[in-house]
Amino acid sequence: MSSLRHRFTAWLFFLFLAVVAAGTSPHALAASSTAYEAELPANLATTPDMCSLLPCTDVFPGATHFSKRKGQPPYVEAYDNDSAQKKLLGYVMLSTDITDTPAYSGKPVVTLIGMDTQGKYVGVKVLKHSEPILLLGIPESALINFNNQYLGKSASDNIEVGPSRPDENILGVDAISGATVTVIAQNQVIQLSGQAVGRQTGIIEPTVRDPAKFITTEKKYTWDDLVKLGAVQRLLVKPEQVGLPRSTEPFIELWFGDLNHPDIGISLIGKNNFERLQSDLKEGENAFFIIKTAGQESFKGSGFVRGGIFDRVQVKQGADAFTFRDLDYLNLYGLDAENAPRYNEAGIFIIRSHAFSAAYPWRLAFLGNRIDRATGHRSFAVFESKYWLPEKMLEGGRPKVQEPDAPWVRVWKTQAVKIALFAFILVAVTIVYAFREKLTRLSTHKNKWPVNGFKYIFWAISMGWIGFVLMAQPSITQVLTWFHALLFQWTWSLFLSDPFIFLFWIFIIVTVFLFGRGLFCGWMCPFGSLQESIYKIAKAIGFKRFQTQLPQKWHDRLKWGKYIVFFFLLTVSLFSMGWAEKLSEVEPFKTTFLVGVMNRSWPYGLFVAVILGVSIFIERPYCKYICPLGASLAIPSTFRWFGLKRKQDCNSCKACAVGCGAQAIDVDGRIDHRECLHCLDCMILYTDTKGCPPLAKERKRRERDGLEITPIGKNGYFIPIHPAKFEDQISPKAKDGVDPRMPTDPTLPAHKRDVGLFKWVLLEVRDHLWPWSSEGWRSKRALQMAGIALAVAATVAWVMTAMGHLSSGAIIGWWFGWSVYEVLIRMSGRRYVKDGLWWHDHYRVAGWFDMMSYVAFKNLMIGAALFLVLQALGLFTP
């Protein structure tokens with residue numbers, strides 16, 4: 001019967017692997033969203049006839065003729081025909097011509113929008129997006145349905161994602177479950193685009209701002225004074241920001257500032273020139289200057305010819321954008337301010353709109369194109385620098401300005417109660433687990449409810465509320481995103497945009513380093529809890545006789561599968577995050593919680609069904625053998641501070657190992673905290689005087705001899721009866737065995753013995769940064785010498801990266817090669833890692849995976865620090 005069970009479970013397991021392969025095949029990975037990373041026309045940002053490249057009729061039904069781009073920001077007019085009697089029907093706009101508001105991916109959703117002459121939206125079409133959640137999870141139809149909610153609504157309406165609030169004059173639109181950040185950003189894109197064109201065409205009344213009232217002191221400022229005050233600002237665009245090779249010479253460097261305030265204007269251009277300028281300005285008009293101090297690019301663009309428009313510079317104030325024609329330009333012949341820099345291009349621009357006020361903050365925008373060096377594709381790019389007159393120069397100070405909240409801020413505000421409750425639950429489970437020893441002492445192998453009562457409650461919460469309601473299942477895609485952000489460009493808004501995932505990851509990071517991955521994986525992972533619940537329920541209703549474990553030798557082989565999957569996804573992500581997102585469908589989380597089995601094609605549903613079906617017979621099969629998220633958390637779990645307790649007799653007693661569902665206890669009674677899921681059954685036995693064989697034996701002896709039954713001490717044995725010692729309770733066989741309290745044999749490097757604090761710190765730093773050792777030099781001299789050459793080469797690679805001669809991908813390749821070598825060199829000499837608290841000297845002999853985990857984690861931190869330093873010094877831009 002046992003052999004039959006093994007064959008049956010093995011058949012299920014290999015079917016499970018086959019489904020994974022089917023789920024990640026090219027056909028299964030075909031993106032359901034055709035707009036995902038769609039290729040747009042190369043000259044879309046610059047061509048006047050926009051609708052010859054885009055399906056404008058899709059967003060403006062009934063229109064047959066479209067004008068060329070007009071205005072700034074640009075739009076096109078939609079007509080019913082192209083005859084002389086043609087009727088203006090409305091306007092079509094491309095969102096990226098107006099705003100580059102980023103969505104959850106950090107990139108804008110490129111959207112085509114149609115609006116009639118009354119300002120009502122008549123069509124919305126997404127042309128391109130980079131949202132991973134819309135790649136294989138939420139179908140494109142959900143985004144189409146979201147956009148369709150705007151049809152019939154007006155650009156002048158106050159539209160928000162969420163319920164309508166008529167008393168506040170707010171119209172609500174329904175969100176897409178699981179894509180809140182994306183739709184909040186999309187709402188801003190549609191509203192900003194409609195309002196910008198609506199103001200240009202007179203549909204929406206222009207914004208009225210109070211004119212500036214200046215405080216003058218007749219003080220003449222130097223250039224340095226003006227820069228320090230903020231009265232002169234800088235806009236710098238580097239070559240790499242527009243897709244060109246990195247260089248010490250900027251793409252363009254501009255300095256700009258206000259010429260309306262008398263003190264600033266006179267300081268910059270002199271009293272006579274300032275008075276002449278003011279006499280030329282009409283009431284309500286404002287002037288500012290721009291100079292170019294470096295770079296080969298011109299800020300004047302094609303508008304420097306008579307009758308043209310300056311298409312490179314723009315001023316933005318709130319939702320208003322101001323552009324300039326040749327009549328809005330005056331020559332700037334010189335700067336009068338002391339220490340003013342040299343420049344090779346200059347000009348004075350006049351803002352003639354009464355909607356502008358020098359008292360309010362505004363932004364100078366440099367408009368250009370960004371070239372994708374891999375594909376040669378050009379995309380629209382806007383580079384902005386903010387300007388606001390110093391408060392002391394304005395009568396009454398700066399006016400109060402309420403800027404629109406960023407999408408992530410709005411998410412936190414609208415879900416404040418849920419976020420607080422979620423944070424409370426995470427704190428609660430951490431506190432409960434911190435008191436695990438008290439709970440396990442109240443439990444026995446026959447009554448585990450003091451522990452399981454809490455654990456089952458948290459399982460129910462994680463599955464029901466966190467998984468199916470909040471859809472906050474952490475994923476390997478977030479690990480890959482975090483890895484890339486740490487190495488290349490950290491953006492807080494990207495991680496803050498999903499508050500539940502953000503808080504969950506704080507919980508995960510803290511608890512992984514405190515206790516190992518088991519608290520999250522074993523207690524709070526929604527999908528892990530679902531598997532375990534199915535296993536427990538099946539056991540309770542009569543399937544216990546069919547339930548089994550894989551033979552330990554097969555388990556020890558197959559457990560490496562999840563690490564292979566993780567490192568494969570990590571490698572793929574370095575070349576293409578898009579493909580990594582697709583291949584991450586090896587996780588069933590999206591199908592289970594976010595989208596739903598019934599909303600996906602059959603391979604995904606079958607994949608989930610097989611996993612959950614196998615979970616009836618094998619405890620947590622996905623967690624143990626496939627899960628790349630678990631693998632990523634297992635690596636830092638090598639260095640958790642606090643582990644589960646062991647006693648000397650555990651090296652010969654197999655009671656805990658037999659009952660370990662994670663199969664994380666080896667033949668010597670040692671716990672592998674990378675595999676342990678913290679069910680705490682072994683901790684219950686640790687103090688159970690009837691369930692733990694060594695304790696049961698000692699209890700029976702004391703009862704037989706009429707001796708006192710003392711409490712169980714921290715070491716897991718009865719407190720000795722004076723003058724006895726607890727060592728007397730250890731069996732002779734166990735005394736001669738290994739120490740099961742550490743994952744491997746304890747050790748202490750000779751050079752760390754009996755040293756003072758200062759020397760200890762120096763040796764600690766040297767141990768992390770210097771992998772070579774005298775022991776390794778004697779045994780592996782050739783390997784040591786090769787390593788020195790590789791270290792020099794890796795150092796040169798970092799220097800070349802700082803100089804702009806190597807890409808981020810190249811330095812990562814070098815760093816990876818060095819890390820592989822460092823594992824080899826340390827295993828030949830310094831074969832030890834720390835166990836427990838990092839500032840203690842609890843060293844142990846390192847296995848291969850211990851050393852791989854240590855080197856990978858350490859070098860990731862060092863590499864991230866070096867990248868951040870290079871970026872801070874302006875030597876590296878991803």
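Student: How many helices and strands does the protein chain have?
Tutor: This is a predicted model. In it, the protein chain has 32 helices and 19 strands.

Student: And how much of the chain is buried?
Tutor: Of its 878 residues, 52% count as buried.

Student: What about the accessible surface, how big is that?
Tutor: It comes to about 40500 Å². Carbon and sulfur atoms hold 60% of that area.

Student: What share of the contacts joins residues 24 or more positions apart?
Tutor: Take the contacts with a separation of 6 or more. Residues 24 or more positions apart make up 69% of them.

Student: OK, cores. How many residues are in the largest nonpolar core?
Tutor: That core has 85 residues. Phe 504, Phe 507, Phe 520, Trp 523, Met 524 and Phe 527 have the most contacts inside it.

Student: Which helix gives the most to this core?
Tutor: Helix α14, residues 499-515. It supplies ten residues.

Student: Zoom in on Phe 520. What is it in contact with, leaving aside neighbours within four places in sequence?
Tutor: Phe 520 is in contact with Phe 504, Phe 507 and Ile 508, among others. Its partners also include Gln 473, Pro 474 and Cys 525. Leu 629 and Leu 633 are on the list too.

Student: Which residues does the second core include?
Tutor: The second core is separate and has 55 residues. Ile 290, Ile 291, Ala 337 and Phe 383 are among them.

Student: New topic. Where does UniProt place the feature "transmembrane region"?
Tutor: The unreviewed UniProt entry lists several spans.

Student: Now cysteines. Which two form a disulfide?
Tutor: Cys 51 and Cys 56 do, with their sulfur atoms 2.1 Å apart. The count for the model is one disulfide.

Student: Is that link left-handed or right-handed?
Tutor: Left-handed, with -90° about the S-S bond.

Student: Is Cys 56 buried or exposed?
Tutor: Cys 56 counts as buried because its relative accessible area is 1%. Cys 51 has 15%, so it is buried as well.

Student: What is the nearest cysteine sulfur to Cys 679?
Tutor: That of Cys 660, 5.9 Å away. Cys 679 is in no disulfide. With a relative accessible area of 26%, Cys 679 is partly exposed.

Student: Last one, Glu 285. Where is its place?
Tutor: Glu 285 is in the loop between α7 (271-280) and β10 (286-294).

Student: Is Glu 285 buried or exposed, and why?
Tutor: Buried, because its relative accessible area is 12%. The cut-off for buried is under 20%.

Student: Which side chain does Glu 285 join through a polar contact?
Tutor: The side chain of Arg 352, at 3.2 Å. Leaving aside neighbours within four places in sequence, Glu 285 is also in contact with Asn 260, Asp 280, Ile 350 and Ile 351.

Technical notes. Residues are numbered from 1 along each chain as its sequence is written. This is a predicted model: local features need pLDDT of at least 70, side-chain atom pairs count only at pLDDT 80 or more; totals for chains, interfaces and linings use all residues. Side-chain values use heavy atoms; hydrogens and water are left out. Helices (H or I, at least four residues) and strands (E, at least two) are DSSP runs, numbered from the N terminus. Buried means under 20% relative accessible area, exposed over 50%, partly exposed in between (1.4 Å probe, protein chains only). A polar contact is a pair of N or O atoms within 3.5 Å; within protein, one must be able to donate a hydrogen and the other to accept it, and residues adjacent in sequence count only if both atoms are side-chain atoms. Contact means heavy atoms within 4.5 Å. A nonpolar core is a set of buried Ala, Val, Leu, Ile, Met, Phe, Trp, Tyr and Cys residues joined through side-chain atoms within 4.5 Å. UniProt positions are given in the numbering used here, feature names are shortened, and annotations may be inferred rather than shown by experiment. Accessible areas come from the Shrake-Rupley method with a 1.4 Å probe; for residues, only the protein chains shown count as cover. A disulfide is a pair of cysteine sulfur atoms within 2.5 Å.
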